[in-house]
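Work through the exercises below with the sequence and the coordinates at hand. Each task is followed by a stepwise solution.

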Amino acid sequence: MSSAGHGRVPAGALRRTSSGGPLRIGVLVSATGANLRTLLGMSRDEPASYQVSLVVSHGSGSPALQVAREHGVEAWPGDFDAHCGRASQARDDAARAAYRRRARQWHDRLDQRILAWESAHGPLDLIVLAYHRWIEGDLLTRYQGRMINQHPGDLSILDTHHRRVLTGNDPVREAIARGHPTTRTSCFLVDASHDGGAVLCQGPPLSTAGRKPTAEDAREHELAQKRVSDRPCLEWTVRAFASGSLALDDRTHPDGSRVVRVDGKATPLGGMRLGLVSDRN
């Protein structure tokens, strides 16, 4: 995730840092590690092409940290909330500004720690976010064009003012409440906006038939979406990035995000839209 204002990533090809060997991936995690497991599976099955090199969390309680350690990947717990508090606790403009300053400072320190780690172990080519804190500052700037986020909402759906409808923390429940017939995962390039970066890929759609906009139904639906939409979306995006197939156009979509090119061909808002597994084989 990221925050405020977008269009910061310049047009051009999205490229890795290292000149050869497997794509070296860093993962920022918050929860169970479903997306991390997808990446670890790619690393296990194709070790010459992909390597999960480092896992970092903002807290100490994420099960994803243990998943990383079980697979022999260096994993760092964090103390973000102890240093920064929670965004929901900032009740007025002054408190929100103070929270953002603390959050930026925390992520700037994390960036310095990762930079020192890279000096010893080699550069990270790509940062994948499955992460529940907004990022801005040096960490975002240094990985410009090389940081992606998995979001459980369809970011190609716009309102009458060309704003993305399904941003924020609960897009699955929002989609069900709005009567959308399907949901799908969007993988987007993180920039300085609030879920506003260029959408690189969308996973297969999942029907909302029979679902109600309750917390329980939304949670069950999102778990199903992780299986149906998250995994293929992330796999396709990482493969496309590794192969050098992705680029940003000079043009923008109505929401202000850049047009994504795949193998030189411009895509609609939503980037590469995947169908069901049978459609992709």
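**Exercise 1.** How many disulfides does a search of the whole structure find?

*Solution.* The model is predicted, so local features need pLDDT of at least 70 and side-chain atom pairs count only at pLDDT 80 or more, while totals for chains, interfaces and linings use all residues. Residues are numbered from 1 along each chain as its sequence is written, and side-chain values use heavy atoms, with hydrogens and water left out.

Step 1. A disulfide is a pair of cysteine sulfur atoms within 2.5 Å.
Step 2. For Cys 187, the closest cysteine sulfur is in Cys 233, at 4.9 Å, which is too far for a bond.
Step 3. For Cys 233, the closest cysteine sulfur is in Cys 201, at 4.0 Å, again too far for a bond.
Step 4. The search finds zero disulfides.

**Exercise 2.** Classify Cys 187 and Cys 233 as buried or exposed.

*Solution.* Buried means under 20% relative accessible area, exposed over 50%, and partly exposed in between (1.4 Å probe, protein chains only). Cys 187 has 0% relative accessibility, so Cys 187 is buried. Cys 233 also has 0% and is therefore buried.

**Exercise 3.** Describe how helix α1 packs on helix α7.

*Solution.*
Step 1. Helix α1 covers residues 34–45 and helix α7 residues 215–243; their axes lie 10 Å apart at an angle of about 50°.
Step 2. That angle makes α1 oblique to α7 (under 35 degrees is roughly parallel, over 145 roughly antiparallel, 65 to 115 roughly perpendicular, the rest oblique).
Step 3. In contact (heavy atoms within 4.5 Å) are residues including Leu 39 and Met 42 of α1 and Leu 234 and Val 238 of α7.
Step 4. The residues of this contact divide into five nonpolar, two polar and five charged (Ala, Val, Leu, Ile, Met, Phe, Trp, Tyr, Cys and Pro count as nonpolar, Asp, Glu, Lys and Arg as charged, the others, Gly among them, as polar).

Methods
Axes fitted to C-alpha atoms, helices over the stretch in contact; angles between N-to-C directions. Helix = DSSP H or I, 4+ residues; strand = E, 2+ residues; numbered from the N terminus.
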